[in-house]
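Subject: Structure for your review

Dear colleague,

Please find below the structure that I am handing over to you. I would be grateful if you would look through it before reading my notes.

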Amino acid sequence: MNHAFVAALAAAGHTAESLAGQLGVHPKTVARWANPGHIPQSRHRATVAGLLAKDADALWPDVVRRREPVWFRPWVDLEREAVTLRSFELTWVPGLLQTEAYARATLAGGVLTPEAVAEFAEARINRQAILGRGGGPLLIAVLDEGVLRRRVGDDRGLMAVQLARLLGHAETGAVQLHIVPADAPSYPGLDGPFTIADMPDGSRVAHVDSAARAQILDQTSDLVSLERRWERIRGEALPRGRSLELLREAAASWT
């Protein structure tokens, strides 16, 4: 439990309900901030700290230690609070499901320094804590088969370990995983990856992947368009059982 937040809430004479009323959010959202790893979105953080007469870094020290790129942090805040995440990936294993070695390999070889690669990979791995805690989001991931076949890094063993990780998540049901097979005809997923987040208050936001900045979409027209793309992509993906078979075959091919 985040004891600093709980103590500050009580000292200020607030309850989850009263604080939620001032912020215009659901009381369950405020209650979640008492759990480790749950941090208010940046648009609420300073207001909450002010209402509780505390510094934000005293209530949520993880914010100070954050390693992910600044432009990506607003999406990470939303990701922490989401109820469901629906992710389509065309090129890479989703960051929430990557091994550390895979994460480092995807970041290396570009303009980043070795120190930045290490920091960003660590941040990516730390994000995965939301999948292992009670009340975390359900992740529904759809991957193009090319993700399973494309080597990342120089060591084939890296891919074997990564696909074993995917298989472990999929077999236990921790993640709903579906694969669009390579023999599928041209489909809307070829336009690029994206993630749709369903929030506790019933709203939805989306992230369209970009190497330059976080593109967070909350306009109805954009979300309707992405919802349609998602449904058409799911229509091309294999059901769970056949996706698992394909994933096992691909994992064996790397050993």
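The notes below begin with the chain as a whole and then turn to its aromatic residues.

Please bear in mind that this is a predicted model. Its chain has 13 helices and 6 strands. The C-alpha trace spans about 60 × 40 × 35 Å along its principal axes.

As to the interior and the surface, 48% of the 255 residues count as buried. The chain's accessible surface amounts to about 12,400 Å², and carbon and sulfur atoms account for 52% of that area. When contacts between residues at least 6 apart in sequence are considered, 72% of them join residues at least 24 apart. The charged side chains comprise 29 positive and 30 negative ones, and the centres of these two sets lie 2 Å apart.

I turn now to the aromatic residues. Searching the whole structure gives 4 aromatic pairs. One of them is formed by Phe 5 and Trp 33, whose ring centres are 6.3 Å apart; their planes meet at 80 degrees, and the pair is therefore edge-to-face. Phe 5 belongs to helix H1 (residues 3-11), while Trp 33 sits in the loop between helix H3 (27-32) and helix H4 (42-51), so the pair ties together parts that are 28 residues apart in sequence. Since buried means under 20% relative accessible area, Phe 5 counts as buried at 1%, and Trp 33 is buried with a value of 1%.

Another of the pairs joins Phe 88 and Tyr 187. Their ring centres lie 6.1 Å apart and their planes are at 85 degrees, so this pair is edge-to-face. It links distant parts of the chain, 99 residues apart: Phe 88 is in strand E1 (residues 84-89), and Tyr 187 is in the loop between strand E3 (175-180) and strand E4 (194-198). Phe 88 is buried, with a relative accessible area of 0%, and Tyr 187 counts as buried at 7%.

Which aromatic cluster do Phe 88 and Tyr 187 belong to? Together with Phe 194 and Trp 230, they form one aromatic cluster.

Yours sincerely

Terms used. Residues numbered from 1 in each chain as written. Predicted model: local features only at pLDDT ≥ 70, side-chain atom pairs only at ≥ 80, totals over all residues. Heavy atoms only, no water. Helix = DSSP H or I, 4+ residues; strand = E, 2+ residues; numbered from the N terminus. Buried < 20%, exposed > 50% of the residue type's maximum accessible area, 1.4 Å probe, protein only. Contact = heavy atoms within 4.5 Å. Areas by Shrake-Rupley, 256 points an atom, 1.4 Å probe, with all protein chains shown as cover. Lys, Arg positive; Asp, Glu negative; His and termini not counted. Charge placed at Lys NZ, Arg CZ, Asp CG, Glu CD. Phe/Tyr/Trp six-rings, centres within 6.5 Å; stacked < 30°, edge-to-face > 60°.
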